[in-house]
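Subject: Handover of a structure and its findings

Dear colleague,

Please find below the structure that I am handing over to you.

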Amino acid sequence: MTDHGKSFLARLVAPSGRTSTPRTIVRLVLGAILAFAGVSHLTVAREEFQAQVPKFVSLDADLVVVASGIVEITLGAALMLLARRRVPVGWVVALFFIAVFPGNIAQWLHARDGFGLDTDSKRLVRLFFQPALIAVTLWSTGAWKDRPRVS
């Protein structure tokens with residue numbers, strides 16, 4: 001069966017070929033940073049992360065921090081270890097970064113300090129890094145470039 005005969009989802013999760021060395025290096029670094037952030041959710045920065053959970057999240061802040069830490073460790077490991085599945089992993093990581101963005105906005109809107117973000121201007125500047133992080137994720141995994149096209 002040709003690629004055109006497969007469903008979009010089947011083509012999305014199909015193994016990907018190699019990508020460039022710069023993309024690979026950035027993907028591995030991003031994965032390591034994400035895994036480190038996840039570990040810090042569970043250990044040294046747990047209370048700091050709890051302070052970042054927006055008020056509109058009706059779950060216990062510690063539960064949110066632990067769950068998001070586990071997700072970040074998993075996504076970081078996937079970025080580093082699942083090179084042949086880099087395209088779907090890239091999309092999932094990008095969606096995760098989109099999902100946590102409302103928390104960043106809430107931190108700015110409610111003037112919540114954390115991680116050196118102790119002024120409104122610092123918190124506002126941070127908001128512009130989230131789209132850049134999403135773009136770096138899509139670039140480093142080749143998720144946009146190598147995505148299956150809808151026929």
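Predicted model: local features only at pLDDT ≥ 70, side-chain atom pairs only at ≥ 80, totals over all residues.

Helix packing

I begin with α2 and α4. Their axes cross at roughly 160° and come within 7 Å. With an angle over 145° counting as roughly antiparallel, α2 and α4 are therefore roughly antiparallel to each other. The crossing of these two helices, α2 and α4, is left-handed. On the α2 side, the contact is formed by R27, L28, L30, G31, A32, L34, A35, A37, G38, V39, H41 and L42. Their partners in α4 are V65, V66, S68, G69, I70, E72, I73, L75, G76, L79 and M80. Sorted by class, the contact of α2 with α4 comprises 15 nonpolar, six polar and two charged residues.

The next pair is α4 and α5, whose axes come within 10 Å and cross at roughly 150°. That angle makes α4 roughly antiparallel to α5. Here too the crossing is described as left-handed. From α4, the residues V71, E72, L75, A78 and L79 meet V89, V92, V93 and F96 of α5. This contact of α4 with α5 has eight nonpolar residues, one charged residue and no polar ones.

The pair α2 and α6 packs at an angle of about 130°, and the axes are 8 Å apart. That makes α2 oblique to α6. The crossing of α2 and α6 is left-handed. In α2, the residues P22, R23, V26, R27 and L30 take part, and they meet L133, V136, T137, W139, S140 and T141 in α6. By class, the contact of α2 with α6 divides into six nonpolar, three polar and two charged residues.

How much space lies in the largest pocket? The volume is about 1100 Å³. The lining of this pocket is made up of 36 residues, and those closest to its centre are F49, E72, V100, N104 and R126. The elements that each give two or more residues to this lining are α2 (21–42), α4 (61–81), α5 (86–109) and α6 (120–141). In terms of class, 25 of the lining residues are nonpolar, nine are polar and two are charged.

By class, the lining of the second largest pocket has one nonpolar, six polar and four charged residues.

With kind regards

How values were computed:
Residues numbered from 1 in each chain as written. Heavy atoms only, no water. 1 Å grid on protein atoms, 1.4 Å probe; cavity = no way out; pocket = protein on both sides within 12 Å on 5 of 7 lines; lining within 4 Å. Points joined across faces, edges and corners; volume = space filled by probe spheres on them. Helix = DSSP H or I, 4+ residues; strand = E, 2+ residues; numbered from the N terminus. Nonpolar A, V, L, I, M, F, W, Y, C, P; charged D, E, K, R; others polar. Axes fitted to C-alpha atoms, helices over the stretch in contact; angles between N-to-C directions. Parallel < 35°, antiparallel > 145°, perpendicular 65-115°, else oblique. Left-handed = near helix turned anticlockwise from the far one by under 90°. Contact = heavy atoms within 4.5 Å.
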